[in-house]
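User: I would like to go through this structure and ask where its labels come from. Please give the cut-off each time.

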Amino acid sequence: MAGGLAITLAGVAGNIISFMVFLAPLATFRQVFAKKTTGGFSSVPYVVALFSCVLWIFYALIKTNSRLLLTINAFGCGIEFIYIAAYLLYAPRRARLRTLAYFFLLDVAAFGLVVALTLKAVRPAQRVKFLGSVCLAFSMAVFVAPLSVIFKVIKTKSVEFLPVGLSGCLVLSAVAWFCYGLFTHDPFVMYPNVGGLFFSCAQMGLYFWYRNPSNAAVLPTTTDAGDGGAAVHQVIELPVHTVAILSVGPVPVVGVHKIEVRAIEQHTNAVNPKAAEIDKPEVIEIVAAL
């Protein structure tokens, strides 16, 4: 009785948290809808997640008595399909073609091959084990797929493309489904969530490491303390969204005794001046004061 209650609680918790996991990318797609472009976002995690969902639905049907696995993955199929459709709507042509190729190769051809092998080439007594092994492998792929985002974060030192909400939900989801697999003695559910916990924690660690980059441009200069006095080192910090243009002259800017900072007149957008003020950064010129 206690074991059955633990299984139910873990499964319900897994469903609730996984529901949040599937909805986490909504923040990403709000940006896509607002900008009318997918920008640097990749469709790979959504294509792989859809394939994982259809595999787990097939696994739940073959194993039977796995209603909690069936319900959440059915929802996952629907929401991942919507994400892919939205990506195709706003993606550039090359990204759209690449996404369609991934979809047909993985979600159509590969899934059809798994179904054919399971039903035609594997004995009924071995079908759960065979299909569970396939599900385990591709569940790991779901967790590893965001590695492309991790590499982008490390390269750009920016968390713009890191879905931290999704990472946080994945940590909780991995814990819940690990407990469900442990209580039901299902290694195919339990083991992939160990890897999922590791990769999710790695993403969150990167977010907290890179979330507060330096926002000021620092220019070192020197100035006289007086006749015969020692030079004093000064630092000028430029505000965010400022573009510093170093003037080319007979005296270099770095190392001069004094500098002047003056504004440069910018051309505004004749069609929409307000939009130009918002989009264009403040531009200043730094010149040597001779």
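Analyst: Start with helix 9, residues 187-210: its 24 residues reach 36 Å from the first C-alpha to the last, close to the 34 Å expected at 1.5 Å a residue. The expected span is 1.5 Å times one less than the number of residues. Helices are DSSP runs of H or I with at least four residues, numbered from the N terminus. The model is predicted: local features need pLDDT of at least 70, side-chain atom pairs count only at pLDDT 80 or more, and totals for chains, interfaces and linings use all residues. Residues are numbered from 1 along each chain as its sequence is written, and side-chain values use heavy atoms, with hydrogens and water left out.

User: Why is Ser52 called buried?

Analyst: Buried means under 20% relative accessible area, exposed over 50%, and partly exposed in between (1.4 Å probe, protein chains only). Ser52 has 8% relative accessibility, so Ser52 counts as buried. Ser52 is found in helix 3. In helix 9, the buried residues include Phe188, Leu206 and Tyr210.

User: What makes the pair of Phe29 and Tyr83 stacked?

Analyst: Rings of Phe, Tyr and Trp (its six-membered ring) pair if their centres lie within 6.5 Å; planes under 30 degrees apart count as stacked, over 60 as edge-to-face and the rest as tilted. The centres of Phe29 and Tyr83 are 5.1 Å apart and the planes are at 5°, so the pair is stacked. Phe29 lies in helix 2 and Tyr83 in helix 4, 54 residues apart. Both Phe29 and Tyr83 are buried.

User: Which residues have the most contacts inside the largest nonpolar core?

Analyst: They are Phe29, Trp56, Tyr59, Leu69 and Ile84, in a core of 40 residues. A nonpolar core is a set of buried Ala, Val, Leu, Ile, Met, Phe, Trp, Tyr and Cys residues joined through side-chain atoms within 4.5 Å. Helix 3 gives the largest share of this core, 13 residues. A second, separate core of six residues includes Ile150, Val159, Leu206 and Tyr210.

Methods
Helices (H or I, at least four residues) and strands (E, at least two) are DSSP runs, numbered from the N terminus.
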